[in-house]
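This report describes how two protein chains meet and how some of their residues are placed. Please look at the sequence and the structure before reading on.

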Amino acid sequence: MTLGRLEEAAALDRTWADAPGLRGWLSTTDHHAIGRRFIVTAFGFFVLAGLLAVTMRLQLAVADNDLIGPDLYNQLFSVHGTAMMFLFAVPVMEAMGVYLVPMMVGSRSIAFPRLNAFSYWILLFGGLMLFVAFCLNIGPEVGWFSYPPLAGPEYSAGKRQDVWAQLITFSELSALLGAINIITTALKMRAPGMTLRRIPLLVWALVITSFMVLFAMPSVMLGSTFLLTDRLVSTQFYNPAEGGDALLWQHLFWFFGHPEVYIIFLPGLGMISQILPTFCGRKVFGYFGLLMAMAVTAFLAFGLWVHHMFTTGLPPVGMSFFTAASILIAIPTGLQIFCWIATIAGSGQLRFASPMLFITGFFFIFIIGGLTGVMLGSMTLDSQLHDSYFVVAHLHYVLIGGAVFPLFGGFHYWFPKMTGRHLSEAAARWTFWLFFIGFNIAFFPMHVLGLQGMTRRIYTYSSDTGWEALNMLSTLGSIIIAASILVFIGNVLRSRRCGVLAGDNPWNAATLEWATPSPPPPYSFVRPPVVSSREPLWEVEAPGEVVGLPTDIRSTLVTRVHDAAPDHVELLVSPSLAPLLAALAVSGMFIGSIFTPWAAVWGGALVAICLVYWFWPRNRDTQEHLAHEIKPEVDLQAPA
Amino acid sequence: MNRSIDVSGLPTYGYGSRALTWWGTAGMMLTEGVVFLGAVAAYFYLRLHSEQWPPYGESPQLFWGTLNVAILAVSALPNHYAKKCSEREDLRGARRGLVLCVVFGVLLLGIRVFEYVGINTTYTGSAYGSITFALLTLHTVHLLTDFIDTVVLAVLLFTGPLEGRRFVDVSENCLYWWFVVVSWIPIYLTIYIAPRLL
């Protein structure tokens, strides 16, 4: 019996619906719901970390200020940096990926829906731990990179650095699992016909980023665990008196820390490559070049870490190598910028809607950040500017310009897809201009302050340094940024209820997420698409359809990696509380380990129980699966 | 022309890299492989910055660690057998294979206790002791994890509920056991042989 499209949609609505009430909310494995929560949560941490930054700016606004003391100030910049890097920048990009990638490749679901829910809860609990600790006056206090010996047991008594080390464990665990999910979804669940050369650039960017995560994050997890055990059970990894080495930490940290920058900003570049063609009304120029540039950037990113350690007295030959590698990375970045300029130049009808404004802001800010980066890549100059406000300016130009502006472009671009309604364009323009102007007022003066000798992480300065005017300017800028974020939040809250209805494809974009209704149902596609080009929605003919997927059980199509030919139908597991329970157990173990090593033992047992519960198949699921099961052709003659 | 594709006749699971589970397992192996690599790198980094290695005391006793190398190597056989049986969906064979794997797991974990006893250092005494313990513990955690996985799968194969995909799980669990076996070789060489040679 063949059902009509409407009957199919109605059946899918029933099959994919979550249980009503709180239980359904807590047990959902819908990648849209998890993705939205993930984005909102990461944005919440962005706002909190931003408020800490404004507080720091208020303290620095005038000389000899006594608004806050040195102890709180140390916690402010440490929690600010830690939260921005580990709770906002990486997770929010991954959150966008979790929400968008399945739809962009034409799949009904993410590869591992329960794992996806688990990595969300882990991030949430980790973030809550950090901010609760901060409120209890046990916030980390020695910077976002937590160098021993300062962070070690001898110089940082109390639990502040243990909280930091465990936050790293939380956030990296979440990121690692998310990366595996994104890679598998993008490589194995693409719409038939979406060959490797037809994958949207944002999806490529997220896949490359995810591979970087898999190679970079284990290093810092290992390092922070060593730090924790040094503090908790007196191991000696970083203690020079017993054969340890504090620089070991710097190697482990920056082997992760430098790729981290590209982990944050490659997805931003992917968003630009996705948004720009839509508003230029033409295909992106140099698809293959852009893809290769991202891959080369990812590769080079692993050869740069020592440039964070130029002032630690390593051998000069190594230094020259890392200087060259640092400057080399400007080449693929430059290549991408030229590809985008060519895309803009070749378009007949550039539309300056709000997402495009943020992209323009990116060009301006990121190029300045890139130029100061080339300057700092040189060891000689870096030795002078190390730990000065010049570096603060540089890293904010790179990260806010390279990641946050494209991300805000992305928020404005995909908001209609997520909610079905447009953001107010007027408010969006206010957001942009306040942010853009405020940002430059806040951070440009820091270049000058750095050159004048103002060092990082000082809680005050005396009036005879002559730094007062520029610091005041910078503080004003930070308040303007705060105002722009306020406008943005107001815009989101208002528009999601009363915004102009958007329709399925309001920007006339080319990629598959726009082939779903806005907002998309949990299964995204009644009949997943079959594509025959890189811009399926710009073809004269509508994309083909995958028919014959079951409608009475959650299922999606799995395809082959190299040619996206249909391989098998994946029957998905049902929603479950298990990811939440497992996340609670893991959080108990991590937080308990701050206080006693036994938490690792008892917590580990609890985690094991939760994971067995997670894995153990429910009878009802098994019956449903058996009813739909079609065995693969297995070779029964194969010798054992 | 854009065609439609009817997928109603496709199988509902597949083995090896066709399965999503394979990709999940491969991702975990990659991640954990990088963790091992980082720990081994840290070991030699610390070695470079010490004059004597081990700084005091003797190198770890060879016997138990070497015994575990041998037993791990032999455990690859029932593991391979369980994998092959599961891929043929031979339930009896898979059960047999997994039970043998569980027996090997118990044996390996038991010997691991003696390895800890014979390591001739403490984790608090020196950076050497810390990193040696870290390497051994990292591998033990993997041993233990895959042991528990194997027990759970073995019980499932006897009690049900069963569907075809459970055989994929068994196959991927066996793949992961290969990782536990192979990763022990560089870690064994680092813990037991490196202090004698360097």
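How many residue pairs are in polar contact between chain B and chain A? In this predicted model, the count is 18 residue pairs, with both residues at pLDDT 80 or more. The side of chain B that touches chain A draws two or more residues from each of strand E1 (5-6), helix H1 (20-48), helix H2 (62-87), helix H4 (127-159) and helix H5 (165-197) of chain B. Of these elements, H1(B) gives the most, with 15 residues. Sorted by class, this side of chain B has 33 nonpolar, 21 polar and 11 charged residues.

**The interface as a whole**

Contacts join 65 residues of chain B to 69 residues of chain A. About 5,600 Å² of area is buried between the two chains, and carbon and sulfur atoms give 67% of that area. Three salt bridges are found across the interface of chain B and chain A. One salt bridge joins Lys631(A) to Glu89(B), with the closest N and O atoms 2.9 Å apart. Lys631(A) also meets the side chain of Glu629(A) in a salt bridge, at 3.1 Å from N to O. Lys631(A) is partly exposed, with a relative accessible area of 46%.

A network of salt bridges links Glu570(A) with Glu163(B), Arg165(B), Arg166(B) and Asp169(B).

**A sheet with strands from both chains**

Which strands form the open sheet, and in what order? The order is E1(A)-E2(A)-E1(B), and the pairing is mixed. Strand E1 (529-530) of chain A and E1 of chain B stand at the edges with a single partner strand each, so one side of each has no neighbour in the sheet. Strand E2 (residues 544-547) of chain A and E1(B) run parallel and are joined by two bridges. Within E1(B), Asp6(B) is the bridge partner of Val547(A).

Over all chains, the structure holds 21 salt bridges.

| Glu8(A) | Arg527(A) | 3.0 Å |

Glu8(A) has a relative accessible area of 13% and is buried, because buried means under 20%.

**The surroundings of Gln75(A)**

Gln75(A) belongs to helix H4 (residues 70-104) of chain A. At 1% relative accessibility, Gln75(A) counts as buried. Which residues does Gln75(A) touch, not counting those up to four places away in sequence? They are His80(A), Phe134(A), Asn137(A), Ile138(A), Gly139(A), Pro140(A), Glu141(A) and Arg160(A). Pro140(A) is 65 residues from Gln75(A) along the chain, yet their C-alpha atoms are separated by 5.6 Å. The side chain of Gln75(A) also reaches the backbone nitrogen of Gly139(A), at 3.0 Å.

Terms used:
Residues numbered from 1 in each chain as written. Chains lettered and ligands numbered in written order. Predicted model: local features only at pLDDT ≥ 70, side-chain atom pairs only at ≥ 80, totals over all residues. Heavy atoms only, no water. Contact = heavy atoms within 4.5 Å. Buried area = accessible area lost by both parts, 1.4 Å probe. Salt bridge = Lys/Arg side-chain N within 4 Å of Asp/Glu carboxyl O. Polar contact = N/O pair within 3.5 Å; in protein donor to acceptor, adjacent residues only side chain to side chain. Helix = DSSP H or I, 4+ residues; strand = E, 2+ residues; numbered from the N terminus. Nonpolar A, V, L, I, M, F, W, Y, C, P; charged D, E, K, R; others polar. Pairing = 2+ DSSP bridges. Buried < 20%, exposed > 50% of the residue type's maximum accessible area, 1.4 Å probe, protein only.
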